[in-house]
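Please look over the structure below before reading on. The report covers selected sites and a pocket.

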Amino acid sequence: LSRINPDLQAGDVVIMANGSWKDQAVTFAANGTEPRPITLRAETPGKVLLEGRSSLAITGKHLVVEGLWLKGAEGDKEAISIHGEDCRLTSCAVTDATHKNYLRLWGRGHRVDHCQFSGKRTDAPTLQIEVEDQPNHHRIDHNYFGHRPLLGKNGGETIRVGYSHQSLLSSATVVESNLFDRCDGELEIISNKSCDNVYRGNTFMECAGTLTLRHGNRCIVDGNFFLGNRKRGSGGIRVIGEGHLVVNNYIDSVGDGAFRITSGIPDSPLNGYVEARNCTIAFNTVANSGGACIDLDAGLGGSGRTLRPENIAIAYNAFSLPP
């Protein structure tokens with residue numbers, strides 16, 4: 001276990017020397033301030049390799065970790081975990097690791113940006129966000145989520161925000177300007193399981209799955225690009241729950257339909273299906289889509305789903321059908 005000096009003061013910078021650091025469970029625990037964060041960074045970004053049975057735990061306030069690479073690391077839990085408030089993980093990478101999650105967030109106000117996460121073949125989401133009693137206000141932006149092969153069962157999400165039992169809590173997480181490249185783990189590339197989240201300006205390139213509002217209410221899906229290249233299983237957006245706003249998205253050449261507005265179960269349990277209600281689908285463009293451009297009662301009759309969607313506004317969308 002490698003523990004960064006607990007006596008660090010606001011504004012301090014710790015530099016990890018270039019090279020391979022094997023079997024290191026690194027804990028970076030300290031408290032900086034907003035104007036003077038405490039930083040742990042690589043001597044040269046991309047040349048500090050955490051390998052073998054290595055992991056990184058970040059806990060405290062106003063901490064920044066920059067330029068570290070967990071390369072082919074092994075572990076049973078999280079490759080990187082973040083606790084506390086207002087911490088930042090930037091320009092880091094986790095590739096071809098065996099951990100349950102590549103990254104797991106607790107606490108509030110964290111930012112994850114300009115990182116790479118790719119090559120996950122094990123069960124559970126690549127990035128898991130825990131939703132607690134107060135909104136998280138995390139920001140996940142400008143990251144590359146690389147190829148994730150088909151898992152063959154549930155649990156292959158690339159990002160999951162919450163769980164079924166947390167789905168009525170507000171996370172208020174923003175996921176924006178990320179690239180999802182061949183994220184094929186399962187049907188749900190992003191699995192939303194909490195309220196008040198924003199998915200904006202992301203690109204999904206040849207991903208065999210959908211952005212799925214699985215549980216939770218009042219989410220915004222705005223200005224995303226879905227480029228399927230007719231790949232089998234590629235799709236657009238699944239809408240489940242209440243009060244969602246789905247606008248300005250571009251869906252091109254997906255293989256399995258663009259929008260699925262989902263039917264529900266009467267008195268649905270939290271882990272069931274609440275019918276889509278009071279949602280707006282507007283100003284979207286669908287081109288050359290295989291499957292339905294809009295399925296207005298997706299899943300009706302299956303898994304006890306007898307309630308058709310209710311009060312769905314569909315307006316000002318453009319559909320270009322394949323020849």
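What follows describes a serine, a glycine and the largest pocket of a predicted model.

S194 sits in the loop that runs between β22 (188–193) and β23 (198–200). Its relative accessible area is 0%; because the cut-off for buried is under 20%, S194 counts as buried.

Two polar contacts involve the side chain of S194. In one, a polar atom of the S194 side chain lies 3.1 Å from the backbone oxygen of V161. In the other, the side chains of S194 and N197 are joined at 2.9 Å. Leaving out residues up to four places away in sequence, S194 touches V131, V161, Q166, S167, L169, S171, H215, G216, N217 and C219.

## G301

G301 is in the loop between β34 (294–298) and β35 (313–315). With a relative accessibility of 63%, G301 is classed as exposed, since exposed means over 50%. S263 is 38 residues away along the chain, and its C-alpha atom is 8.4 Å from that of G301.

## The largest pocket

The largest pocket holds about 190 Å³ of space. It is lined by 16 residues, and S55, K77, E78, A79 and H99 are the closest to its centre. Two or more lining residues come from each of β4 (25–31), β7 (55–61) and β10 (78–85).

β10 supplies the largest share of the lining, 4 residues. By type, the lining has 7 nonpolar, 5 polar and 4 charged residues.

Notes
Residues numbered from 1 in each chain as written. Predicted model: local features only at pLDDT ≥ 70, side-chain atom pairs only at ≥ 80, totals over all residues. Heavy atoms only, no water. Buried < 20%, exposed > 50% of the residue type's maximum accessible area, 1.4 Å probe, protein only. Polar contact = N/O pair within 3.5 Å; in protein donor to acceptor, adjacent residues only side chain to side chain. Contact = heavy atoms within 4.5 Å. 1 Å grid on protein atoms, 1.4 Å probe; cavity = no way out; pocket = protein on both sides within 12 Å on 5 of 7 lines; lining within 4 Å. Points joined across faces, edges and corners; volume = space filled by probe spheres on them. Nonpolar A, V, L, I, M, F, W, Y, C, P; charged D, E, K, R; others polar.
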